[in-house]
Amino acid sequence: MKKNLNVIAAYSIMMVLILLVGIFQSWNVALSIFNLCLISAVMTMGANIQWGYAGLINFGIMGYTALGGLAAVLISVDPVQEAWRAGGFDILMGLWLVIVMILVIRFVLKRFEKSKIRTYSIAAIIISGILLIRFSMEPGIEAIEAVDPAKTGFLGGFGLPIIFSWIVGALFAGGLAFVIGKVALGLRADYLAIATLLISEIVIAIIKHEDWLTRGVKNVIGLKRPAPYEVDLQTTDWFINLVEKFNSGKLDLISNLSDRQAALNQFVIEGSSVFVKLCYSGLFLIVVIILLILTQKALYSPWGRMMRAIRDNEEAANAMGKNVVKQHLLIFVLGSAIVGIAGAMLVTQDGLFTPGSYRPMRYTFLIWVMVIVGGSGNNFGAILGGFVVWFLWIESAPIALFLINFFTVGIPESNTLKAHLIQSVPYFRFLMMGLGLLLIMRYRPKGILPEKIEIK
Amino acid sequence: MDILNAIILLLNYIFIPALTYGSQLALGAIFVTLIYGILRFANFATGDMMAFGTMVTILFTWYFQSLGISLGVLPTALLAIPFAIIFMILYMLSIDKFVFKYYRTNKSPPVQLAMVSIGVMFVTQAVVRIIIGPSDRRFFDGEKFIIKAREFKEMTGLNEGLALKSTQVLTVFVTIVLVSLLFWFLNKTKTGKSMKAYSDNEDLALLSGIDPKKIVMITWIIAGILATIGGALYGLDKSFKPFTYFNNMLPIFAAAIVGGIGNPFGAFLGGYVIAFSEIFLTYAYKKFFMYILPESMEPESLVQLLSTDYKFAVSFSILVIVLLYRPSGIFKGKVL
């Protein structure tokens with residue numbers, strides 16, 4: 001108990017902060033911050049597995065998040081029959097060609113010794129394959145994108161419940177991580193960082209511009225929900241009764257019947273959106289807890305010990321007969337898959353998929369700030385980092401506004417400098433993140449909750 | 001005549017834009033490579049530092065414009081750049097003093113320094129956005145074109161026009177002058193040679209009495225000059241928007257690594273490799289083939305290898321390929 005005092009204290013402070021937002025701003029805001037904190041926590045757990053457990057640097061988090069989001073679209077959207085009829089065959093042909101190309105490359109790699117000729121022939125196969133695939137898919141893509149472009153213009157998905165996409169998102173992200181890991185994990189740390197950053201940009205470019213698959217920058221909106229809709233809730237009896245019971249104290253004060261009804265309606269409208277957010281919170285919390293249990297178990301298992309050994313001294317671990325390359329690949333895939341879950345969760349919560357919104361600042365570097373600030377190598381630290389940093393990211397604008405007003409209290413509103421500062425309040429979040437990261441790295445390099453390894 | 005038209009077409013749409021863009025990338029890439037070679041970390045704040053330098057340039061330009069000072073046909077920004085460089089160098093030296101120095105003296109691993117540079121990136125981004133805002137700004141004044149497309153057509157009687165913007169000529173000219181000065185400095189002066197030695201082998205360099213503090217300071221000064229001029233030229237040619245500068249960091253990194261990180265000459269060429277391949281692969285060659293092929297063989301499609309949407313993806317793919325087959329870059333890295 002005593003050992004974990006700092007963990008409990010840190011989490012209590014965080015919860016109190018969110019409750020304060022609920023009391024002073026609104027419960028809606030508090031819950032949406034809480035939900036995104038939970039999603040961020042899943043992302044940081046993924047990054048933490050890679051960085052904290054194994055010392056692998058992965059700046060491609062944005063790419064895996066987007067793939068998770070793509071999974072949500074592909075699983076939950078109903079298939080667009082017309083588009084399938086228009087160009088489905090060409091697309092399937094194209095996919096078949098991709099598989100053939102990969103098989104041929106594998107065959108060449110297996111069959112022939114490593115040589116210059118082999119390298120060049122593989123390059124030739126890839127280039128001619130890409131050209132062939134492009135030309136065979138072109139008419140299909142055009143036909144699909146022409147099908148009712150204002151509403152669909154893409155193939156749609158499988159029409160399954162969106163919850164499934166959380167698993168599929170993990171599979172997508174893990175698959176991509178497997179390919180990237182195979183080719184890039186041999187690179188030195190900083191090269192790996194740059195390579196993963198650039199590869200994630202390529203992934204985003206593909207998601208943005210392959211309209212037949214993702215609708216691209218036209219966005220997919222109105223995804224199915226695992227939670228009830230506010231409009232439905234507002235007309236269900238049990239929910240109205242629940243809200244009435246919950247607010248009976250306030251309602252009893254109103255004697256006029258029509259006023260009472262109006263107040264109740266207001267409560268129901270507010271309550272419905274809080275209720276929906278609570279549903280999401282419950283779902284996300286389940287995911288976070290399951291992942292936390294699994295990662296904690298892994299950390300203290302023989303496998304976790306081996307990972308730390310590899311992280312701390314790769315050569316020694318190698319000499320002890322541990323397959324460093326294989327373990328690195330495994331952990332790269334696992335961490336990325338967790339990020340993929342988070343990506344699917346994010347799209348589930350928003351109910352829309354906007355490829356244009358995936359930017360490295362928000363989805364890669366911010367997550368890294370979370371991991372470093374929270375404490376790499378410690379799962380509780382990583383989750384806390386997700387909470388603290390996301391909370392500050394959202395609340396930094398009000399805080400900055402308050403500080404500016406506080407320090408310039410004597411200056412009139414019309415002062416240009418003050419007006420300019422107030423106008424640029426949203427950008428203080430970058431300043432806060434940067435300073436936070438720099439201060440933590442300087443004075444508490446292991447994060448708020450440092451890694452603690454107990455030898456049992 | 002058709003052949004001439006085809007050549008002019010390529011010049012106008014591929015060669016000149018790529019040369020300009022390549023020069024802008026090259027300056028950034030040399031900046032990255034110098035920091036990597038001497039201070040030994042990948043500087044993720046590159047794009048934002050360039051944005052900072054450009055911002056100061058813009059502020060000075062506005063100040064000079066309000067005073068009524070101008071350079072006539074040349075953009076006023078040229079006058080502002082030297083002042084901006086001074087600010088930029090001060091900014092970089094203070095960042096080094098308050099942030100990077102601690103990790104350098106502690107001999108932290110490069111990854112940690114790269115992480116710290118992300119903190120610097122956030123702060124610089126905030127400073128730029130708070131001071132000048134996130135919106136698009138044009139600060140070009142003076143004569144816009146050296147040759148206008150229509151004038152060129154009238155002059156030569158060709159179908160294709162050749163437009164030559166003054167910013168393009170300026171960019172290429174300034175880059176050539178700056179890079180030649182830099183190489184002269186690195187190869188011929190004593191300080192330059194000691195920088196090379198320091199980058200090559202730190203311990204040996206220290207043994208032979210090279211002052212590391214001086215080396216670091218000069219590196220930041222050169223970096224400041226490169227970042228400001230590179231950023232300002234890009235802003236003059238296109239426009240200044242903080243977010244674009246942040247994004248430009250990616251092709252700049254690609255250029256530096258393709259050329260062999262730590263090798264300034266490689267970075268210089270890497271900039272052009274990236275720029276030319278981006279434009280070569282995404283240009284639609286239909287019109288070109290219409291000129292050189294007989295009428296019966298004219299292509300119907302656009303003859304475009306990749307759509308322009310994949311411009312960035314091209315440079316990153318080149319980088320990934322280079323990293324996989326020649327991790328040390330086309331020109332072997334780490335020999336400043």
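**Reading a two-chain model**

Chain A is divided into domain 1 (5–79 + 156–443) and domain 2 (80–155), with bounds that come from an automatic or database domain assignment. This is a predicted model in which local features need pLDDT of at least 70 and side-chain atom pairs count only at pLDDT 80 or more, while totals for chains, interfaces and linings use all residues. Residues are numbered from 1 along each chain as its sequence is written, and chains are lettered from A and ligands numbered from 1 in the order in which they are written.

User: How far apart do the C-alpha centres of domain 1 and domain 2 of chain A lie?

Analyst: The two centres are 34 Å apart.

User: How many helices and strands does chain A have?

Analyst: Helices (H or I, at least four residues) and strands (E, at least two) are DSSP runs, numbered from the N terminus. Chain A has 19 helices and zero strands.

User: What share of chain A is buried?

Analyst: A residue counts as buried if 20 or more other C-beta atoms lie within 10 Å of its own, as exposed if 12 or fewer do, and as partly exposed in between, with C-beta atoms placed from the backbone. In chain A, 40% of the 456 residues are buried.

User: Which residues touch the most other members of the largest nonpolar core?

Analyst: In soluble globular proteins, nonpolar side chains tend to be buried together. A nonpolar core is a set of buried Ala, Val, Leu, Ile, Met, Phe, Trp, Tyr and Cys residues joined through C-beta atoms within 7 Å. Here the largest core has 211 residues, and A:Val42 and B:Ala254 touch the most other members. Helix α2 (residues 27–53) of chain A gives the most to this core, with 16 residues. Leaving aside neighbours within four places in sequence, B:Ala254 has contacts that include A:Leu198, B:Ile274 and B:Phe316.

User: How many residues does each chain bring to the contact between chain A and chain B?

Analyst: Chain B supplies 35 residues and chain A 30. On the chain B side, α4(B) gives the largest share, 14 residues.

User: What confidence does the predictor give?

Analyst: The complex has an ipTM of 0.89 and a pTM of 0.91. For single residues, pLDDT is the predictor's confidence, from 0 to 100. Chain B has a mean pLDDT of 88, and 99% of its residues reach 70 or more.

Key: Two residues are in contact if their C-beta atoms, placed from the backbone, lie within 7 Å.
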